[in-house]
Amino acid sequence: MSLNKQHFDIVTALTMQSSNIKVLASVFNMTSRNLRYAIENINYYLEKLGMTPIALTQGELHYPHDPSPFFSDTLASNFIFSKHEREEYLATIALFAPDTPLCEIQNYLRVSRPTLNKDLRNTNETFNELTLELEVIDQHLCVTGKEKQIRYLQMCYASKYLYCKNNNLHYLEKRYFFERDIVAIVRAYMEHYKPLAAFPAVSKIEQNAKCSLSHEFKNLFTIYLMITLIRIEQGVLINRKNNGTFLQSTKAFGYIQNALNWHQESYRFESLHLAEYFLGGINTDGFYEKRLQAESFIYQLLSTISQSCVSQYCLEGQRADPSAIRASSQLNNNSLLNDTALLNDMVTYLTTAVYRAKNNLNTQLGEQSPYSRQLFEQVKVVATQYSHLLVEPLRDEEIGYLTRLINRAIEARSHNPISLEALLSIAKNCSSDLNCEEFVTQILSKVGKQVIDDRTLPALDDLLVTLGHANNVPDCVELIPVLKWLGGEMEQMGLVNEKYTNGVQTLHFARNHAYFAQHGLLICHGKSSAHSHRIGIVHLPLKSPVKDIFHRTIRQVMMISHIDNVQHLRAVHQLHQRLTEQDPFSVTTETDNPLSNRSTSALSAFHPVE
């Protein structure tokens with residue numbers, strides 16, 4: 001006779017409350033007969049330990065006694081590991097105790113060598129999903145592959161058995177001896193290296209960034225930093241980062257360097273990698289990396305979902321559903337693209353979501369209603385179709401969160417919301433000196449949930465200033481002098497401040513402005529909304545083409561100024577519309593490489609190239 005985890009789970013359940021034998025059998029997906037056999041087996045060991053056995057009285061089971069001796073290590077030699085438990089143990093040993101000889105592992109699990117080899121192959125399949133390899137070298141387990149993935153897997157397993165709180169490391173108190181042994185392995189690893197410098201470092205990063213990380217993200221980030229410090233102590237450093245140029249231009253990079261005092265060149269890639277993780281947990285004032293592509297993703301998503309929902313509600317309206325008729329009228333004309341609250345929430349969320357997706361950091365996917373589940377599938381189809389516009393494709397939990405944001409916006413429009421455009425019109429008619437911005441701020445702060453910001457999008461012609469006859473443009477073959485001059489012109493127009501141009505140059509060196517080869521067009525944006533005074537787009541056609549540092553031919557430059565995420569996205573939306581037109585910008589070009597005169601689709605026209 002032997003024991004498995006289900007036997008211990010039965011005892012745990014019965015110490016909490018009594019249960020009918022049929023009910024308990026259904027809980028454990030057993031027949032009543034098999035449950036009786038299990039109780040007999042448990043009672044055998046309880047009596048062996050001198051404990052009171054489980055009583056069955058008129059079909060009722062209960063165990064109102066202290067079961068602690070039953071959960072001690074005394075019965076460990078009678079425990080039979082499941083396949084999952086053996087594989088969990090093998091992975092933990094490989095990641096946190098690789099010096100353990102294979103013979104010791106086999107003795108602990110009490111399996112034959114063929115069974116152990118099969119378990120190793122199964123565990124390796126899990127590692128292969130992260131392009132890692134679990135190998136046996138000199139009768140010891142060894143994990144090989146990308147260092148980033150090894151650290152990620154260590155973080156995943158460590159976070160199952162420990163957590164960080166109040167600048168201390170806490171280990172979970174497990175009831176089953178097998179799980180206690182796993183915790184002991186992870187604990188021994190941490191206590192050997194003592195990576196406690198992670199706690200003040202994370203606090204300093206928060207202080208420098210003037211932010212407060214969520215408890216969930218702070219826990220994961222701290223554990224990952226601990227793993228990083230240990231791997232560095234073991235002599236393993238990351239020595240490359242594919243988007244390192246961009247990450248080095250972010251404030252997060254400086255926060256990491258200063259908090260850990262990693263100013264040496266050997267730690268540069270480590271700082272870049274941690275900066276990317278940190279970006280997954282904070283909100284910035286806009287997209288930096290591939291910003292226009294990400295905003296194009298939002299545009300494509302919301303315009304497609306708006307049209308899809310209008311069609312759906314129209315069909316329901318034909319069945320005389322009044323709420324469907326109201327929702328259909330509220331969703332006309334791509335109104336989701338006019339929803340300021342929705343746009344701001346999506347921009348804010350996606351800023352960090354792309355980095356969570358890139359680094360496999362999980363978020364909680366909340367419960368969805370039946371309707372939002374249907375909407376989830378629609379959003380997922382569109383998100384998959386336009387995933388190339390993001391730094392990294394979104395996972396289901398990220399798509400689920402976007403679904404809830406969209407679902408909330410759609411439902412709000414079915415409850416007869418008040419039009420902000422109408423309120424503004426009434427206020428203007430009743431006041432000759434209305435402060436529109438202050439009025440809108442007050443309305444949204446006091447009755448925001450009852451009001452929909454449906455103000456008309458500014459027309460591109462109202463935003464666009466074309467400097468077609470500028471005679472003092474620098475006569476040069478390089479782009480940087482042109483960017484400096486154009487930034488100065490925007491400052492004179494009152495669109496930006498003196499810091500805007502430096503931000504544009506920084507992002508250009510990081511290759512993060514959108515380039516449209518078919519138009520010879522480079523679209524630039526500032527590094528922070530704090531560098532802009534108001535929204536605007538300045539367009540400069542060049543008399544002769546110039547080359548940028550990436551040897552791309554530039555025939556025209558656009559610079560966008562903005563004061564918040566929503567305004568930037570709206571400007572991009574209007575620009576998107578223009579770029580889908582035939583020959584959208586009249587620019588004189590050299591005959592050896594003229595602009596294409598053929599019309600282009602929305603997707604191809606708004607798809608920058610590297």
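This is a predicted model: local features need pLDDT of at least 70, side-chain atom pairs count only at pLDDT 80 or more; totals for chains, interfaces and linings use all residues.

Q: Why are α22 and α23 called roughly antiparallel?

A: Helix α22 (residues 480-492) and helix α23 (residues 500-509) pack at an angle of about 150°. Angles over 145 degrees count as roughly antiparallel, so this pair gets that label. Their axes lie 9 Å apart, and α22 passes α23 in a right-handed crossing.

Q: Which residues make the contact between α22 and α23?

A: From α22 you've got Ile-480, Leu-483, Lys-484, Gly-487, Gly-488 and Met-490. On the α23 side there's Tyr-500, Thr-501, Val-504, Gln-505, His-508 and Phe-509. Sorted by class, that contact has six nonpolar, five polar and one charged residues.

Q: What makes β4 and β5 count as paired strands?

A: Pairing takes at least two bridges, and β4 (residues 132-137) and β5 (residues 140-145) have six, in the antiparallel sense. As one example, Glu-135 has Cys-142 in β5 as its bridge partner. The two strands form a hairpin with two residues between them. In the turn, Asp-138 has a positive phi of about 55°.

Q: How do you know whether Lys-543 is buried or exposed?

A: Its relative accessibility is 72%. Exposed means over 50%, so Lys-543 counts as exposed. Lys-543 is in strand β13 (residues 536-547).

Q: How far apart are Lys-543 and Asp-475 in sequence and in space?

A: They're 68 residues apart in sequence, and 9.1 Å apart in space, C-alpha to C-alpha.

How values were computed:
Residues are numbered from 1 along each chain as its sequence is written. Side-chain values use heavy atoms; hydrogens and water are left out. Helices (H or I, at least four residues) and strands (E, at least two) are DSSP runs, numbered from the N terminus. Axes are lines fitted to C-alpha atoms, for helices over the stretch in contact, and angles run from 0 to 180 degrees between N-to-C directions. Angles under 35 degrees count as roughly parallel, over 145 as roughly antiparallel, 65 to 115 as roughly perpendicular and the rest as oblique. A crossing is left-handed if the near helix is turned anticlockwise from the far one by less than a right angle, and right-handed if clockwise. Contact means heavy atoms within 4.5 Å. Ala, Val, Leu, Ile, Met, Phe, Trp, Tyr, Cys and Pro count as nonpolar, Asp, Glu, Lys and Arg as charged, and the others, Gly among them, as polar. Buried means under 20% relative accessible area, exposed over 50%, partly exposed in between (1.4 Å probe, protein chains only).
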